[in-house]
Amino acid sequence: MPLFCFPFGLITSTIRMASQLCRIMRPDDANIAGNVHGGTILKMIEEAGAIISTRHCNSQKGETCVAALARVERTDFLSPMCIGEVAHVSAEITYTSKHSVEVQVTVMSENILTGARRVTNKAALWYVPLSLKNVDKVLEVPPLVYTRKEQEEEGRKRYEAQKLERMETKWKNGDIMQPSINPEPYTVSYSQSTLIHLVGPSDCTLHGFVHGGVTMKLMDEVAGIVAARHCKTNIVTASVDAINFHDKIRKGCVITISGRMTFTSNKSMEIEVLVDADPVALHSQERYRAASAFVTYVSLSKEGKTLPVPQLLVETEEEKKRFEEGKGRYLQMKAKRQAQIDAVPQK
């Protein structure tokens, strides 16, 4: 089935639980250097995942539902996308448990002048089906038919791993970032940033809670401000660690998205981002932690080459602890990438 792309629209097609979106990148999608914001890419990834998972969850007779984003696995930004290029987002359901759906998404960038394409992102997302009658009720997912038994077994392993990690990384509501007066350059407090946003109808699904892609775009925006304040150069998103969505955000909430630098290597910066929701119209409910993630940025020269970043100056015991934890994540990912390189057969 052919997929036609129009400059300012989205067209979808479904083949065996697969879905595709495409859109040309506009100036308002990018930073001042012309690189498309990571948050824009994440938003498109989530849209593709939401479409295919909602279709699947309503593929059998029963209570109608909408798929809500619960978690995004680590996502690497393999290559920058630029203004004028066309983003092709392909999504496929790869595993279903009783109450969740795993969607694998690939993003390709196309130069419409030459036809050249390259892979820019790969991501895995987890969705849960929520009843349209009661969005607090999680429904059962229609089982996926696998072509090979190994696919189901591998999917179950991924499901158990993310479930365990999600439990281990659930944040406490008491962890709130406090501003500092006259902080020194290159300290955590110096680049720490906060964005406050009132959730309106345009941010939400038809059922009154925020699209996961909207939340991710705001998280990336705050993380980008932190990175830019720290190194004062052009910066781009290099990767997003697992994003956990702890609770739904409803229309009318005031959300506070806070970002702080946790670790720097020679050429990368890790930023922790926390999202808190304050249901101001509901006096019976207190402020709560809605989402959390770690985002990694790199600094680029005008020629697009990576630059060394200023080293983070940690002052308190908590900052030292977070720095060591970030260093551990950095070394773990570095070792994983090297293992993948070593596993490739030599020609």
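Trainee: In which loop does N31 lie?
Mentor: This is a predicted model, in which local features need pLDDT of at least 70 and side-chain atom pairs count only at pLDDT 80 or more, whereas totals for chains, interfaces and linings use all residues. Residues are numbered from 1 along each chain as its sequence is written, and side-chain values use heavy atoms, with hydrogens and water left out. Taking helices (DSSP runs of H or I, at least four residues) and strands (runs of E, at least two), both numbered from the N terminus, N31 is placed in the loop between β1 (18-24) and α1 (38-57).

Trainee: Which residues does the UniProt annotation "active site" cover?
Mentor: The annotation comes from an unreviewed UniProt entry; its positions are given in the numbering used here, feature names are shortened, and such annotations may be inferred rather than shown by experiment. The annotated residues span 190 residues in sequence, yet no two of their C-alpha atoms are more than 12.3 Å apart, so they gather at one spot.

Trainee: Is D220 buried or exposed?
Mentor: D220 belongs to helix α4 (residues 212-231). Buried means under 20% relative accessible area, exposed over 50% and partly exposed in between, with a 1.4 Å probe and protein chains only. Because its relative accessible area is 6%, D220 is buried.

Trainee: Which backbone nitrogen does the side chain of N31 reach?
Mentor: N31 is itself buried, with a relative accessible area of 19%. Contact means heavy atoms within 4.5 Å, and, not counting residues up to four places away in sequence, N31 touches H37, N234, I235 and V236. At 3.0 Å, its side chain reaches the backbone nitrogen of A33.

Trainee: How are the rings of Y95 and W126 arranged, stacked or edge-to-face?
Mentor: Rings of Phe, Tyr and Trp (its six-membered ring) pair if their centres lie within 6.5 Å, and planes under 30 degrees apart count as stacked, over 60 as edge-to-face and the rest as tilted. The structure holds six aromatic pairs. With ring centres 6.4 Å apart and planes at 70°, the pair of Y95 and W126 is therefore edge-to-face.

Trainee: Which residues form one aromatic cluster?
Mentor: Y95 in strand β4 (residues 86-96) and W126 in strand β6 (residues 117-131) are 31 residues apart, and their pair links distant parts of the chain. Both Y95 and W126 are buried. The cluster is formed by Y95, W126, Y146 and Y159.

Terms used: Polar contact = N/O pair within 3.5 Å; in protein donor to acceptor, adjacent residues only side chain to side chain.
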